[in-house]
Amino acid sequence: MSGQILLWQVILLTIYSMYQIIDDLTFISSLAQPVWAGLITGAIMGNMTQGLIIGGSLQLTVLGVGTFGGASKIDANSGTILATAFSISSGMNAQTAVAAIGVPVASLMIETDVLGRFTNTFFQHRVDKMIEEENYRGFERNYLYGTIPWALSRGIPVFIALQFGGGLVAQIVKVLNTQMVWLSNGLATAGALLPAVGFAILLRYLPVKKHFAYLILGFTLTALLSTVFTNIQSLGTGLASVAKGFTNSFSAMPMVAISLIGFALALNAYKQEVGKLPASHSTAAAPKNDDGDGEINGDED
Amino acid sequence: MATKTNYKLTKKDFRQMNRRNLFMNQLGWNYEKMQGSGYLFIMLPQLRKLYGDHTPELKQAMRVQDQFFNTNPYLNTMIQGVDLALEEKEGVNSLATVVGLKNGLMGPTAAIGDTIFASLIPAIIGAIAANMAVQGNASGLFIWLAVNLAIMYFRWRQLAFAYKGGITLVTKLQGQMNALTNAATLLGVYVVGALVASLINVNIPFVAHIGKMTINLQDHLDMIMPKLIPGLAVWLIYWMLGRKRMTSTRAIFIVIIVAVVCSALGLLGKAA
């Protein structure tokens, strides 16, 4: 069944792709995030683990990417849908699928996002007209019509790619697995390195200079502990294979625990700063506000 | 001068606005007025009650509220709550103030909201969820869903809060908000440091053979500082993003090309 995606799968995935953009605009439940896109696409395609891996990898790539001021962002959600669907249907390696399908699709979809936002201007003009005509129902109707360009901006490209792209992807996978193994390995390496971009973008939005010590702390603590945990795990696996009596198993490093240390530090900083606030902060609040804003915005360029 | 109808907003009005905000905000988003029509859509039933249908006042208010508006979609109803408190008290006379308020508050609100809700929380929770996901564990996804449901509750409550407190509360809270932002960014920077060390799985597979001696470069690097390569990679990309004409999308493609080339040369590989 190489390259085959069944019609009902195509339809379900198209519906999900349209749902997720509306979710992301309105109630923002997180179901529109790449990790969820991976899980849902994986469930529809019959391999949830593969979906989770691809969704997780793309999630890390776009960690710091947000939509600010109405700018279009790289659409990692649609990228995840296509990467997961094709990777499962054609047997492509997860990391390779992230770099070979996920990222190109995600960046191509910026164009359809722009198109959707542009098309909505048409309904804005009708909305303006309805206000002049005092047609309240008409106003609400035309406002809600905005859903159509939004949903189609994801639905049409995802449907076309899933329905007609399968053969092409199967062909690419065949070549990648035979003549061009070096490229396949390279794309897998790229997939493993891509989270670095997500973290770098995120740091661009954060006051790195101000909190630089905490960057070093988080990095070093985790680098050391992850080495220790990984080594203990491989030691345990090795020991278990030679000694039958050895049945202990060691867990991986818990990220939540590492985050809690950071949370403690943040809590401390918050309490210190609130303690410094004057008792009647209604008048003294204004100059303090400028300080805080400057620190955040100053690091963005 | 109050409005002609003397209408006072009730809990039911807030529920209606909150429903419209949670399920239908931003649907009309477009390049011309961005969230402008959405702002009006959320409060239209209340404006109709305040001014009365087919009155010149309502038309004036609708025109004003249909203008350009864009802010963080998590905190937008804060502004709408303050706005309605003013309009309820002063009617159309307040519209000049309302315009100033909307334009004055949307920038700072976007700055605070985007930093906390659109950047930090998704980054931290998303990283934890993604970290679990790449190991095949879906429970992080449900943590994220639960966090966002809690945020929805917060979004639901803030409208009435802003309406009651009006402008004074917004300014009073500023000090605490700044302390919160500072603490949140501290946590963000710390977590990113931790993520760099745990989630970028690349190493140097290059092994030098000098006579009978083999030198495994990665082993030597590990003695200096484990995870040095991921750290350096992030530092390089961070620097690259600061260059002129560099966008995040371009950076992603540059990283893919460099990774493929380095991998083909045996300089960079995916760690186990």
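**Questions on a two-chain predicted model**

Reader: What makes residues 182-205 of chain A helical?

Author: Over residues 182-205 of chain A the chain is 96% helix and 0% strand, with end C-alpha atoms 35 Å apart. Helices are DSSP runs (H or I, at least four residues), strands likewise (E, at least two), numbered from the N terminus. This is a predicted model, in which local features need pLDDT of at least 70, side-chain atom pairs count only at pLDDT 80 or more, and totals for chains, interfaces and linings use all residues. Residues are numbered from 1 along each chain as its sequence is written, while chains are lettered from A and ligands numbered from 1 in the order in which they are written.

Reader: Which residues of chain A are called "transmembrane region"?

Author: An unreviewed UniProt entry lists 182-205 among them, together with 5-22, 34-54, 156-176, 212-232 and 252-270. Such annotations, given in the numbering used here with shortened feature names, may be inferred rather than shown by experiment.

Reader: How do you know that A133(B) is in contact with V35(A)?

Author: Contact requires C-beta atoms, placed from the backbone, within 7 Å. Leaving aside neighbours within four places in sequence, A133(B) is in contact with residues including V35(A), L52(A) and I53(A). Across the two chains, 109 residues of chain A are in contact with 97 residues of chain B.
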